[in-house]
Amino acid sequence: MLKGISGLISPNLIKVLMEMGHSDEIVFADANFPAASHAQRLIRCDGHGIAELLEAVLPLFPLDVYVDRPVALMAVTPGDGVKTPIWDKYRQIVEQYHPGADAFEEMERFAFYERAKQAYAIVSTGEKALYGNVILKKGVVI
């Protein structure tokens, strides 16, 4: 255990966060996401939701200020009537650590999958919200 670091952040997760460089991306994947088949590096955080992990990670993790939208969401498939209230929670959390303009972009499902395959790591969570997946692009520590 370390002081000031959430117990939700496992040794593997803190290692990956520290290894990542500027513009590297990390995916926080919901429980339905094909994380194991898409990940270069897979971190298991079963039993935890993405919002609580964002609360734990974002105080330590700078978002990229050199891009317009350092956070990506998987867009709802056209014709799918699913609502995404979890996105409002994500926006509230991100706004605390990256204030200002809207940091979010929405990506078509299969484009999101392809981008996730290129991510530095995928964190597989127990998040049950549909379309709960999120990609963070790392910035620099100033």
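A polar contact is taken here as a pair of N or O atoms within 3.5 Å, of which, within protein, one must be able to donate a hydrogen and the other to accept it. In this predicted model, two such pairs involve the side chain of Thr-125: a polar atom of that side chain lies 2.7 Å from the backbone oxygen of Ala-29, and a polar atom of the side chain lies 3.0 Å from the backbone nitrogen of Glu-127. Thr-125 belongs to strand 5, residues 121-125, and has a relative accessible area of 2%, so that this residue counts as buried. Beyond residues up to four places away in sequence, Thr-125 touches several residues, among them Ala-29, Asp-30, Cys-45, His-48 and Leu-53.

Ile-43, which lies in strand 2, residues 42-45, is likewise buried, because its relative accessibility is 4%, below the 20% limit. With residues up to four places away in sequence left aside, the contacts of Ile-43 include Ser-10, Leu-13 and Val-16, as well as Ala-121, Ile-122, Val-123 and Ser-124. The C-alpha atoms of Ile-43 and Tyr-90 are separated by 20 Å, the two residues being 47 residues apart along the chain.

Tyr-90 is one of the buried residues of helix 4, together with Ile-86, Trp-87, Ile-93 and Val-94. These residues cover an arc of only 125 degrees around the axis, and therefore lie on the same side of helix 4. In an α-helix there are 3.6 residues a turn, so residues three or four places apart point the same way. The cover over the buried residues of helix 4 includes helix 3 (50-57), strand 3 (71-74), strand 4 (104-107) and strand 6 (134-137).

Key. Residues numbered from 1 in each chain as written. Predicted model: local features only at pLDDT ≥ 70, side-chain atom pairs only at ≥ 80, totals over all residues. Heavy atoms only, no water. Helix = DSSP H or I, 4+ residues; strand = E, 2+ residues; numbered from the N terminus. Buried < 20%, exposed > 50% of the residue type's maximum accessible area, 1.4 Å probe, protein only. Contact = heavy atoms within 4.5 Å. Arc of directions from axis to C-beta.
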